[in-house]
Amino acid sequence: MASQTDTRIPQYIEAVRTMEQGSFAVAIASDGTDDLALLGAALENLARSWKKRCDEMKMLANITEHINSGMLLDDVLNSIFESFQSIIPYDRIGCSLLEENGTVVRACWARSMASTITIGKGYSASMEGSSLQTVLQSGHPRIINDIQQYLSEHPLSTSTKDILQEGMRSSLTCPLHAMGKPIGFLFFSSMKPERYQKIHQDIFLQIANQVSTIVEKSRYLQQLVELNELKNKFLGMAAHDLRNPLSTIKGYVRLFLSGNLGNITTDQQEALSDMNTASDEMLGLINDLLDVRAIQTGNIQLKRQPTKLDELLHTTIQSLRLITSTKSIKCQFDFPASIPLLQVDPARIKQVLTNLITNAVKYSFPHTIIHVSIKIFEKEVWIAIQDQGQGIPAEELKKLFKAFSRTSVKPTAGEKSIGLGLAITRRIVEAHGGRIWVESETGKGSTFTFALPL
């Protein structure tokens, strides 16, 4: 008996050391009925229990990582519903968040195996005097093993009646906390009574802790998305409402300038010309706002057709001769002898060229040169606009191509800019499957290049 005992003790010690290193697949001799055999059986049970717990933790970590990659709140919660069933039992999950300074709890999402959902999005209740207030204060999950019996003890609980009507018979409520404050609840429910009687609450607390921050992040992101959609609607409505009266003003100004409404004095003609210029600037701004809105909402439409790029460039430069001549700036061209036709939207590419050349003129000194070149590669055509302007500080290059973002560099003649042109330019180029970039050196100028696929 002594030799058998001596054999098992080293084996048990080795098993414990193996488990300490995170491996629970241990072989333990637990035959017999003596105390050492009972100890071996206990070690076997401990190994199985720890393995199960570690597997759950690993699975939980993997699931949480997957869930965290979701963006909007509904996506995250649907992912939770589809993922956690391998760890914990449920037929229904609901999520409710605190509102109005924590005085109201409102359901923001629910998903159930039942045919109908009685407590769905928008369902709300006061927190004052409710059992949920106690759950929140304690910070511990609440288990109801038999919802039917709970209702008989709390007959005034409307939510209990509703969840019972949905077919649920047991539930577990987890409080959610993020950044040190309560934010709401995660409700797990089952169609079977006593479903959570033998469940370790620690696993639910672990889930709640990891889910809380993800839910809060997704909620804020969803609010930002909704606010952004509201902003886009407002911009669209405002821009459209402004464009119509401005067009009317421009129409009458043109009539006066053409003499169709009678003779006007030289001073009146100058004032009307200024009004016409100001109206053009405002219409340009409104069109830019509408372009930004269309691009951000994915509504930009391209009317592609075979286009001669060199002809489009010459036409664009010709249309901008007034602003180039004002500063005595000349454009030089460097085009290859043969340029293949591009399948592009010529109006949109002209908009890109206009934005880039106008920018080059704005930030260039008088009596300088703007160099416009085209290079043909195997799969791309590169169009570069190079100026002899002030250049852009290296640390400010990241500000370019973002809406309403401007650098510290000022136009040389005080020209106005609101920082939309380059953002629109980038989106149009990318909509064509192309790319755009800038190279700049302070005091020497900048080169904006965009590539379009052949």
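Predicted model: local features only at pLDDT ≥ 70, side-chain atom pairs only at ≥ 80, totals over all residues.

Reader: Which residue forms a salt bridge with Lys308, and what is the distance between the closest N and O atoms?

Author: The partner of Lys308 is Glu311, and their closest N and O atoms are 3.6 Å apart. A salt bridge is counted when a side-chain nitrogen of Lys or Arg is within 4 Å of a carboxyl oxygen of Asp or Glu, so a distance of 3.6 Å qualifies. Lys308 has a relative accessibility of 47% and counts as partly exposed. Glu311, with a relative accessible area of 45%, is partly exposed as well.

That pair belongs to a set of 6 salt bridges found in the whole structure. In another of them, Glu441 meets Lys444, with 3.6 Å from N to O. Here the two partners fall into separate classes: Glu441, at 44% relative accessibility, counts as partly exposed, whereas Lys444, at 58%, counts as exposed.

From the charged contacts, let us turn to the sheets. One of them is open and has 5 strands in the order β8-β10-β11-β13-β12, with mixed pairing. At its edges stand β8 (330-334) and β12 (435-441); each has a single partner strand, so one side of each is left without a neighbour in the sheet. Between neighbouring strands of this sheet the average turn is 15 degrees, direction ignored. Within it, strand β10 (residues 369-376) and strand β11 (residues 380-386) run antiparallel and are joined by 6 bridges. Ser373 is found opposite Ala384 in β11. Helix α12 (residues 421-431) has several buried residues, including Leu422, Ile424, Ile428 and Val429. Just after α12 comes Gly433, which takes a positive phi of about 85 degrees.

The other sheet to look at is also open: 6 strands in the order β3-β2-β1-β6-β5-β4, with antiparallel pairing. Its edge strands are β3 (124-126) and β4 (142-144), each pairing on one side only. Neighbouring strands here are turned by 20 degrees against each other on average, again with direction ignored.

With β1 it pairs in the antiparallel sense over 6 bridges. Bridge partners show how the strands line up: Phe185 in β6 is the partner of Ser96, and Gly184 in β6 is the partner of Leu97. With strand β5 (residues 170-178), β6 again runs antiparallel, and 9 bridges join the two. On that side, Leu176 has Gly184 in β6 as its bridge partner. β5 and β6 make a hairpin with 2 residues between them, and Met179 in the turn has a positive phi of about 55 degrees. Of the 10 residues of β6, 8 are buried, so this strand is largely enclosed by the rest of the structure.

The structure holds 7 aromatic pairs. One of them is the tilted pair of Tyr90 and Phe188, with 5.8 Å from centre to centre and 55 degrees between the planes. It links distant parts of the chain, 98 residues apart: Tyr90 is in the loop between α3 (73-83) and β1 (92-99), and Phe188 is in strand β6 (residues 181-190). Together with Phe81, Tyr90 and Phe188 form one aromatic cluster.

For contrast, here is a part of the surface. Tyr252, Leu255, Phe256 and Leu261 form a nonpolar patch there, with about 360 Å² of accessible area together. Phe256 lies in helix α7 (residues 201-258). With a relative accessible area of 32%, Phe256 is partly exposed, which passes the patch rule because that asks for over 30%.

Definitions and conventions. Residues numbered from 1 in each chain as written. Heavy atoms only, no water. Patch = residues over 30% accessible without salt bridge, like charges linked within 9 Å, V, L, I, M, F, W, Y side chains within 5 Å. Areas by Shrake-Rupley, 256 points an atom, 1.4 Å probe, with all protein chains shown as cover. Helix = DSSP H or I, 4+ residues; strand = E, 2+ residues; numbered from the N terminus. Buried < 20%, exposed > 50% of the residue type's maximum accessible area, 1.4 Å probe, protein only. Phe/Tyr/Trp six-rings, centres within 6.5 Å; stacked < 30°, edge-to-face > 60°. Pairing = 2+ DSSP bridges. Axes fitted to C-alpha atoms, helices over the stretch in contact; angles between N-to-C directions.
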